[in-house]
Amino acid sequence: MLPLNAETVSRLPADLAVPAYDRSALRTGIVHFGVGGFHRAHQAMYLDRLMTEGKALDWAICGVGVMPADRRMQQVLDAQDGLYTLVVKAPDGTLEARVIGSIKEYLFAPDDPDAVIEKMASPEVRIVSLTVTEGGYNFNAVTGEFMADNKDVQHDLALPNQPRTTFGLITAAIERRRERALPAFTIMSCDNIQGNGDAARRSFVAFAGLRDPALAAYVEENVRFPNSMVDRITPVTTDDDRDEVRKHFGVDDGWPVVCEPFTQWALEDSFGAGRPAWEEAGVQVVPDVEPYELMKLRLLNASHQALCYFGYLSGYRLVHDVARDPAFAEFLLAYMKREAEPTLEPVPGINLDEYQHQLIERFSNAQVKDTVARLCAESSDRIPKWLLPVIRHNLDSGGEIKLATAVVASWARYDEGTDEQGAPIEIVDRLRDELNAIALTQRDNPTAFIQNRELFGDLADNERFVETYTSVLESLHTRGAKATLEDLVRP
């Protein structure tokens, strides 16, 4: 069994594709925050495609970890010289794997913040990219305002040379480049937020303004923030995945990545200091990303929310089992067709009906083994951005809201913390304790959950929404998730 690293990569089995380019010739052009499975199945993969053709060799990635949990990624990637195995699992069980070599180095910011700042301040770095989760932009989900009272933000404002946050690190690098008369890099968000580039701009300008109004003006004028839509189902890596890589490919990889065959990236062509020729690797480089991102957020991401709480309460633990249940497939297709699609404009090059049925097929891929619990995590960051806009749009237009509102009710029932068999639910959410406490009161106060204005704004003031929500919540309490879901799709 060979460990994966630069020394052994040339001796790996012939059926495992490895980088055909000279990795010693790579130069770092991108610093990326949040090197998780999704980044490595997506952005790093597209760069590896280009590098395999002898292109983009000056656009290699320096990964950065900010959170304590990122320490393990640093240890694995350092031991493997940045290499990892990407395993694509087709529905028929076919495995396609290759070793990705586009990550050249990795820095763990808590060890040496200045090293991270200096890396971004180097002239060769022209893009700083982000997959820091929906909650990583530190803005209020309802008002959109940057939350200046965040304790880590306050720390970075008080001690700007010892930053803890992504904002503090990147802003310090922008300031250093300005002092050295170097052009500003582009900040490229790849997170699942509508207008992710615009969201990043608001957050970074707001943070810079708290430091220095002149710096905020500089960021506003000089830093580009392209919007993007990224899509590839990438479940959390498990020990079974590591064992499978050992068994099938004879390589010991501490952190392989498993994903589905489908991949899509629509990227706004707005870069201040150049970019790789991503369009030559299959990326849709377009003037306007909004139609693509709304399609993905309101169809794929919101459908994940539509299946996960109902699915978990019904006893399912794997996504493909939920999607293969005819009642759930009917519910998801009804939500997409009747409530989500009417909120969308035409998407160039996309047949929305085919896309919706393709989503059910993707969710049904048993080889990926995506977990329902993963989709249930961080709901307070996801529901307000992915699902509530559908409800608000249809309330304004007179459209249907029953199915989307039912998803909100299923989330509220899930956050009570026990399933229908009485087993405890491990709620993973930044607002876990607060939401659990509220949810536990809702059998006596049915609107308690949606009265949280931080998440729901004024929706609790809308009679149609409240009536629909309380009706579904009562059914969940009295009849259970599966029976409630089946009733919802009946005419």
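The sulfur of Cys308 lies 3.7 Å from the closest cysteine sulfur, that of Cys376, which is too far for a bond. A disulfide is a covalent bond between the sulfur atoms of two cysteines; here the term is applied to a pair of cysteine sulfur atoms within 2.5 Å. The structure holds 0 disulfides. This is a predicted model, in which local features need pLDDT of at least 70 and side-chain atom pairs count only at pLDDT 80 or more, while totals for chains, interfaces and linings use all residues. Residues are numbered from 1 along each chain as its sequence is written, and side-chain values use heavy atoms, with hydrogens and water left out.

**Cysteines**

- Cys308 counts as buried at 0% relative accessibility; buried means under 20% relative accessible area, exposed over 50%, and partly exposed in between, with a 1.4 Å probe and protein chains only.
- Cys259 is likewise buried, with a relative accessible area of 0%.
- The cysteine sulfur closest to that of Cys259 belongs to Cys190, at 16 Å, which is too far for a bond.

**The parallel sheet**

- An open sheet is formed by 5 strands in the order β6-β3-β2-β7-β8, with parallel pairing; strands are DSSP runs of E with at least two residues, helices are runs of H or I with at least four, and both are numbered from the N terminus.
- The edges are held by β6 (103–108) and β8 (186–189), each with a single partner strand, so one side of each is left without a neighbour in the sheet.
- Neighbouring strands of this sheet are turned by 25 degrees against each other on average, direction ignored; axes are lines fitted to C-alpha atoms, for helices over the stretch in contact, and angles run from 0 to 180 degrees between N-to-C directions.
- Strand β2 (residues 28–33) pairs with strand β3 (residues 60–65) in the parallel sense over 5 bridges, where pairing requires that DSSP finds at least two bridges between two strands.
- Within this pair, Phe33 stands opposite Val64 in β3.
- Strand β7 (residues 127–130) runs parallel to β8 and is joined to it by 4 bridges; Ser129 has Met188 in β8 as its bridge partner.
- In a regular strand the side chains alternate between the two faces of the sheet.
- Both faces of β8 are covered, as Thr186 and Met188 on one side and Ile187 and Ser189 on the other are all buried.

**Strand β9 and its partner**

- Strand β9 (residues 228–231) is joined by 4 bridges to strand β12 (residues 264–268), and the two run antiparallel.
- Met229 stands opposite Ala266 in β12.
- Both faces of β9 are covered: Ser228 and Val230 on one side, and Met229 and Asp231 on the other, are all buried.

**Phe38**

- Phe38 is placed in helix α1 (residues 37–41) and is partly exposed, with a relative accessible area of 22%.
- Leaving aside neighbours within four places in sequence, Phe38 is in contact with Thr131, Cys190, Val230, Asp231, Arg232 and Thr234; contact means heavy atoms within 4.5 Å.
- Phe38 and Thr8 are 30 residues apart in sequence and 25 Å apart in space, C-alpha to C-alpha.

**A helix crossing**

- The axes of helix α12 (residues 326–340) and helix α21 (residues 481–488) come within 9 Å and cross at roughly 45 degrees.
- That makes α12 oblique to α21, since angles under 35 degrees count as roughly parallel, over 145 as roughly antiparallel, 65 to 115 as roughly perpendicular and the rest as oblique.
- Ala327, Phe328, Phe331 and Arg338 in α12 meet Lys482, Leu485, Glu486 and Leu488 in α21.
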